[in-house]
Every structure is written in structure tokens, then in C-alpha cells.
Amino acid sequence: PEMITMEQVEYSGRTGRTFLLVWEEPGAGITGAVTVEFMDYPRERVAHVNLMGGKGVVRDYVFDEAKEWMKSCGATKAQCWAKGSLVQMYEKMGMTNTHQVMRINL
């Protein structure tokens with residue numbers, strides 16, 4: 001079973017719970033998108049990435065731009081759920097595996 005469905009993501013976007021970030025490359029069009037929601041805790045604000053896809057999202061400069069946007073929204077950490085081979089990809093991006101939740105300080 002999937003962790004989250006497209007219907008849940010669409011509902012979260014329509015109700016303002018999540019943000020949709022889209023990357024567009026000159027000459028290539030849209031190359032990736034992520035949905036992000038913020039979770040507030042007493043000592044930190046976590047930007048949680050629900051879904052991420054597209055050939056351009058895993059590029060270092062795109063990931064850096066997303067982290068800067070998250071920081072500008074007050075986030076102190078970013079995280080996403082991961083399983084299987086995605087864990088290794090996220091670890092290469094500097095994230096740490098904490099019980100299948102990938103997280104990075106911002």
C-alpha cells in the first residue's frame with residue numbers, strides 16, 4: 001500500500017495544508033515538482049515533503065533551492081518518507097535515515 005494517495009495530496013493542496021513547488025527549466029519545460037507541508041514542534045519547524053517526482057528534482061541546485069525556500073518559510077529541518085532504494089538516493093543528498101524518515105537540517 002502507498003503511504004499517501006494522489007487524492008490525499010490534491011485535497012491537502014486545495015485546503016492550503018500543503019504547498020506545491022514546481023521546477024521549470026529553460027527549453028525543457030517542467031522537470032519536477034514536490035508537495036511540502038509544515039509541522040510545528042516546540043523547538044523546530046519541519047518541512048515534510050509528501051511527494052517528489054520528475055527528472056529535475058534530484059539535481060543538487062534544485063534541492064538547494066527547495067531547502068532555501070523551506071528555510072525562508074521558517075523551517076529548521078526538512079524530511080520525507082522513504083523506502084527501498086530511495087533511502088540510498090536521499091542519503092547521497094545529505095539526509096539521514098531515521099526510521100524510514102529522511103531528514104536534513106536547514
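Leaving aside its neighbours within four places in sequence, which residues is threonine 35 in contact with? Select Val9, Phe19, Leu20, His48, Val49, Asn50 and Leu51 to see them; contact here means heavy atoms within 4.5 Å. Before going on, know that this is a predicted model, where local features need pLDDT of at least 70, side-chain atom pairs count only at pLDDT 80 or more, and totals for chains, interfaces and linings use all residues. Residues are numbered from 1 along each chain as its sequence is written, and side-chain values use heavy atoms, with hydrogens and water left out.

Threonine 35 sits in strand 2, residues 29-40 (strands are DSSP runs of E, at least two residues, and helices are runs of H or I, at least four, numbered from the N terminus). Its relative accessible area is 8%, so threonine 35 counts as buried (under 20%, with a 1.4 Å probe and protein chains only).

Next, select Met70. Leaving out residues up to four places away in sequence, it touches Val36, Phe38, Ala47, Val49, Ala75, Ala78 and Leu106.

Now for the largest nonpolar core, which has 20 residues: a set of buried Ala, Val, Leu, Ile, Met, Phe, Trp, Tyr and Cys residues joined through side-chain atoms within 4.5 Å. Val36, Met70 and Met95 touch the most other members. Colour helix 2 (60-72) as well, as the largest share of this core, four residues, comes from helix 2.

Notes. Buried < 20%, exposed > 50% of the residue type's maximum accessible area, 1.4 Å probe, protein only.
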